[in-house]
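Work through the exercises below with the model open. Each one gives a task and then a stepwise solution.

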Amino acid sequence: MRRGLAWLPALLIAPAVFAADGEFSAGAGIDYSKGDYGTGSETEILSIPFMARYDSDPWKLKATIPYLRVTGPGDVIPGVGRTNRGRRGETTESGIGDTVLAATYAALYEPKAQFGLDLTAKLKLPTGDEQRGLGTGSVDETLQVELYKSIDRLTGFGTVGYTNFGDSDVVELKNAFHFELGALTRVNQTDSVGASLYGRQRVVEGGSPQRELTVFWNRRVAKAQRLQAYFLLGLADGSPDVGIGASALFSF
């Protein structure tokens, strides 16, 4: 692995050590996407992510481990897109994908202005089999800043971040910036709907950047239940053509 942000694992672990009490939740989701990623042949990806989350102000910790089923020519890696691994004919591979750990710190919140700023660190662990295209085989580190502002029922948000990719035996990955812009509106006390635009620089030589438009629905019932569904439309070859998914988290 390339030498990167050596302090990042400590940042991910520290909140769990110092948080005395909080809310723990767990759940799962299902995501399906398909697209040719600029290759001329379609790749289908089915992901079933298992999630655990711990909230203790001002920290939020989250771990995600996906089960993947990837059908296609073998040159597309989930989360990366088309790579230089080479085409292998129509194949189907399934198994555990790469694990993502995330820690978010609410650095600023102004109740009167309804404005906030969060800082998030992510660590991606190579738990997926890179030889079968279920992961990259690299340890990747991400830092991002998230801003949000509410006006009555409407909330606008924006994110900018940077990922440091580690060394991989199967694909040469380039460090990249990413962004997200969006807005959501409360429909009632429990439901909200919104849309966002996500983009990321290309991470593979000769590859394409990612551009994705997502519309989503959220439901939160007190602290005990969080539900979400979404539809995704890819706007660049680095992204799937279409995607759809849903997830649920329940508190204990």
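Helices (H or I, at least four residues) and strands (E, at least two) are DSSP runs, numbered from the N terminus. This is a predicted model, where local features need pLDDT of at least 70, side-chain atom pairs count only at pLDDT 80 or more, and totals for chains, interfaces and linings use all residues. Residues are numbered from 1 along each chain as its sequence is written, and side-chain values use heavy atoms, with hydrogens and water left out.

**Exercise 1.** Locate the nonpolar surface patch and state which strands each supply at least two of its residues.

Step 1. Y32, L197, L213, V215, F231, L233, L235 and I244 form a patch of about 650 Å² (Shrake-Rupley method, 1.4 Å probe).

Step 2. The strands are β13 (210-221) and β14 (225-234).

Step 3. L213 belongs to β13. Its relative accessible area is 36%, so L213 is partly exposed (between buried, under 20%, and exposed, over 50%; 1.4 Å probe, protein chains only).

**Exercise 2.** Describe the protein chain as a whole and its confidence.

Step 1. One helix and 15 strands are present. Of the 252 residues, 39% are buried.

Step 2. Mean pLDDT (the predictor's confidence in each residue, from 0 to 100) is 90, and 90% of residues reach 70 or more.

Key: Patch = residues over 30% accessible without salt bridge, like charges linked within 9 Å, V, L, I, M, F, W, Y side chains within 5 Å. Salt bridge = Lys/Arg side-chain N within 4 Å of Asp/Glu carboxyl O.
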